[in-house]
Amino acid sequence: MSFQEPSTNQCEEPGRHSAGMPAEERLAVERGQETDPGAVTGRIHSLETYGTVDGPGVRFVIFTQGCPMRCLYCHNPDTWDPKGGTVMSVEELLAQYESNKSYYRKGGITVTGGEPMLQMEFLTVLLEEAKKRGIHTCIDTAGICFREGDSKFMYWLNRLIRVTDLVMLDIKHIEDADHRRLTKHSNGPVLAFARFLDQNDVHMWIRHVIVEGYTTDQKEQQALGYFIGGLKNVKALDVLPYHSMGKAKYDAMGMSYPLEHLYDLPNEKAVAAKQEILKGIRKKRAEMLKNS
Ligand code: SF4
């Protein structure tokens, strides 16, 4: 199998969602009425009961199925197909959380993927139910599904941010053309989503992967920092070196690995890149201070 191109409309939710509901139920949802957590299901790739790198503390990590992006360094191409995975209800997932809940006293639930915001109704109802139980909630997303002009999407998003404690947002590239080269998508929705979260006081951790020849330009790293510096709700910055661990999965799936020519990036390069990003952040913050 060759490297897959994304289809154009993959940000449509693949599972049960309000567009697919009977009209009267959709109206009820749109009026903000309760949604039955036993009836709302999502497509799930896998679960991790003891996650330590997906947000604060030890976490129950839910990997959702489906992603419209095609990042060249993706470790999980088996999450791309929005029609794959296992269908599970919100109630089933929370029952699994409850069965190990003593682990998560200082952690919570993280929903990652794939792209969790591909299944907005499911994600919203899941985190609403988690919040009712006092669970810390985190979404790990690339922000690509953000569509400010889509009233249905924004309806769910405005509900979702009320019950989300933290968004871990991947910014893959600050330059649009390079973002397209790396992911097959524009970064417009991603940057707009970061601004939206910031305006709505949602805490963010920003993550950025350093890939030789793609994200190693110092000026672009500073430009990324300059953008992040304008966001007041960024609480952490994680800069990671590219590694080729995902390659085995491509081989197993009979797919060609697009970064075959690259070696794992030495950690020092990621540390140096972080310094460049921080320079950009400081520059932006100093300008904001001067103009305030
Ligand atoms: S956004 Fe994540 S899951 Fe989707 S292609 Fe990129 S790395 Fe893979």
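Guide: Helix 3 and helix 4 are roughly parallel to each other, that is, at an angle under 35 degrees. This is a predicted model, in which local features need pLDDT of at least 70 and side-chain atom pairs count only at pLDDT 80 or more, while totals for chains, interfaces and linings use all residues. Residues are numbered from 1 along each chain as its sequence is written.

Visitor: At what angle do helix 3 and helix 4 pack?

Guide: Helix 4 spans residues 151–160, and its axis lies 9 Å from that of helix 3, each axis being a line fitted to C-alpha atoms over the stretch in contact. The two helices (DSSP runs of H or I with at least four residues) pack at an angle of about 20 degrees.

Visitor: Which residues of helix 4 make the contact with helix 3?

Guide: Two residues are in contact if their C-beta atoms, placed from the backbone, lie within 7 Å. On the side of helix 3, the contact is made by Met 120, Glu 121, Leu 123, Thr 124 and Leu 127. Facing them from helix 4 are Phe 153, Trp 156, Leu 157, Arg 159 and Leu 160.

Visitor: With which residues is Ile 62 in contact?

Guide: Neighbours within four places in sequence are left aside here. Beyond those neighbours, Ile 62 is in contact with Ile 44, Leu 47, Leu 93, Ile 109 and Val 111.

Visitor: How far apart in space are Arg 59 and Thr 137?

Guide: In sequence, Arg 59 and Thr 137 are 78 residues apart. In space, taken from C-alpha to C-alpha, the distance between Arg 59 and Thr 137 is 9.5 Å.

Visitor: Which residues does a cis peptide bond join?

Guide: The bond has an omega of about 15 degrees, and one of its residues, Gly 114, lies in the loop between strand 4 (108–112) and helix 3. The residues joined by this cis peptide bond are Gly 113 and Gly 114.

Visitor: What is the phi of Lys 184?

Guide: Lys 184 sits in the loop between helix 5 (176–183) and helix 6 (188–199), and it counts as partly exposed because it has 16 C-beta neighbours inside 10 Å. Although Lys 184 is not a glycine, its phi is positive, at about 75 degrees.

Visitor: Is Asp 201 buried or exposed?

Guide: Asp 201 lies in the loop between helix 6 and strand 7 (204–210), and it has a positive phi of about 55 degrees although it is not a glycine. Because Asp 201 has 9 C-beta neighbours inside 10 Å, it counts as exposed.

Terms used:
Axes are lines fitted to C-alpha atoms, for helices over the stretch in contact, and angles run from 0 to 180 degrees between N-to-C directions. Angles under 35 degrees count as roughly parallel, over 145 as roughly antiparallel, 65 to 115 as roughly perpendicular and the rest as oblique. A residue is buried if 20 or more other C-beta atoms lie within 10 Å of its own, exposed if 12 or fewer, and partly exposed in between; C-beta atoms are placed from the backbone.
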